[in-house]
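I opened a new notebook page for this chain. My plan is to look up a few features and write down what I find.

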Amino acid sequence: MESAEISELKQFVSECKSNPSLIHNPSLAFFKSYLQSLGARIPPEPKTEKGGDKMSGTGEHFDAKNPHTATEDDDELVESDIELDVTDVVEPDNDPPQKMGNPSIEVTEENREAAQNEKSKAMYAISEGKTDEAIDHLTEAIMLNPTSAILYASRASVFVKLNKPNAAIRDADAALQINPDSAKGYKIRGMARAILGRWEESASDLRVASTLDYDEEIGLVLKKVEPNARKIVEHHRKYERLRKERELRKAERERKRRQAEADRDALSALKDGEVISIHSVSELEPKLNAASKTARLAILYFTATWCGPCRMISPLYTSLAGKYPKVVFLKVDIDEAKDVAARWNISSVPTFFFLKNGKEVDKVVGADKSALERKIAQHAG
């Protein structure tokens, strides 16, 4: 590309960074499609206040330096751009697939020699700068000996020179299918992926090639690829962390919402300032659970209609309910709610049980007014 064209491209990229909505311009649909083919995340198309498809100008897109600018209720985090060195990245080649040999055929010694001769012609053509001619010779060599990984890898290297990375990747894949330990196969595929901007895959291939058979060319390409690959990995880790944090916040909000709902339901089961009559165990349990959920003191008063001391202390119990509206005052007639009396092993009335968080913390037996008032004051705080 000419320097002027590169400058225009840089300016366009800068404008896209400052206003990501540009990518949704119908005239740039081809570029948007290309980015998506590389696995890029495209920011969702913003809406206007009237529901339109253009940016409203509020500037409320996600910023990596300030991740909390996105509202907590957004469905998706919009990832910021990554500053990558894309100097040598090219458009993907979309030519029809090149001829590939049949690796299952039996190769004669004569064909092997002929294939080697074609490879030699290809190497000479490359030295003369005749890359298209080199491709023809290597293709003929592959047809003669389709079981040779080095022939596919050699043609792949020429496709890289021609800036045809997809064709190079197809050949490198074929070479690696024949020989999984082909250092050249990994090397060329890594180089092809680099010029497509597939940095993480490129770095992975080049590292394997370096382990199998290191050379200076691999090292030079890795020096350019690895910084981009690291930036992408760090970027993904960062947004994965942000997504997890966002999910945790969402889960915590949901937990608090449910807790608030449970507390409201519990409170609705209680009657502040009133004595609640209990007629069965099935009525008692929800009241005790509600008291526990709201961290309230509950008093369970067992009485009977025939009990004189009960009749004497009941008015005081009712007045104390009004005095302590945040205490749950429960009343059980042992003759009416025999199942409750049996569960609490009532042997005499009046009896008062003081409960906190579902556990008994104190008890008063008999119509002892002063003891009742003192213990309520003690435990209600």
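Is F302 buried or exposed? I looked up its relative accessibility, which is 0%, so F302 counts as buried. Buried means under 20% relative accessible area, exposed means over 50%, and partly exposed is in between, with a 1.4 Å probe and protein chains only.

**Ground rules.** I am reading a predicted model, where local features need pLDDT of at least 70, side-chain atom pairs count only at pLDDT 80 or more, and totals for chains, interfaces and linings use all residues. Residues are numbered from 1 along each chain as its sequence is written, and side-chain values use heavy atoms, with hydrogens and water left out.

**Whole chain.** I noted 13 helices and five strands. Helices (H or I, at least four residues) and strands (E, at least two) are DSSP runs, numbered from the N terminus. The chain has 381 residues, and 38% of them count as buried. I also checked contacts, meaning heavy atoms within 4.5 Å. Among contacts with a separation of 6 or more, 63% join residues 24 or more positions apart.

**Aromatic rings.** How many aromatic pairs does the structure hold? I found seven. Rings of Phe, Tyr and Trp (its six-membered ring) pair if their centres lie within 6.5 Å; planes under 30 degrees apart count as stacked, over 60 as edge-to-face and the rest as tilted.

I looked at Y301 and F352. Their ring centres are 4.6 Å apart and their planes meet at 10°, so this pair is stacked. Y301 sits in strand β2 (residues 298-303) and F352 in strand β4 (residues 351-356), so the pair links distant parts of the chain, 51 residues apart. Both Y301 and F352 are buried.

Back to F302, which pairs with W344. This pair is tilted, at 6.5 Å centre to centre and 50° between the planes. F302 lies in strand β2, and W344 lies in the loop between α12 (338-343) and β4, 42 residues away. I also noted one aromatic cluster, formed by Y301, Y317, F329 and F352.

**Helix α4.** I traced α4 over residues 131-144, which is 14 residues. From first C-alpha to last it reaches 20 Å, close to the 20 Å expected at 1.5 Å a residue. The expected span is 1.5 Å times one less than the number of residues. Its buried residues include I135, L138 and I142. Which helices do the buried residues of α4 pack against? They pack against α3 (109-127) and α5 (149-161).

**α3 against α4.** I read an angle of about 165° and axes 8 Å apart. Axes are lines fitted to C-alpha atoms, for helices over the stretch in contact, and angles run from 0 to 180 degrees between N-to-C directions. That makes α3 roughly antiparallel to α4. Angles under 35 degrees count as roughly parallel, over 145 as roughly antiparallel, 65 to 115 as roughly perpendicular and the rest as oblique.

E118 is found in α3. At 14% relative accessibility, E118 counts as buried. Leaving aside neighbours within four places in sequence, E118 is in contact with H137, E140, A141 and L144.

**α7 against α8.** Helix α7 (residues 183-195) and helix α8 (residues 199-213) pack at about 155°, with axes 8 Å apart. That makes α7 roughly antiparallel to α8. Among the contact residues I listed Y186 and M191 of α7, with W199 and L206 of α8.
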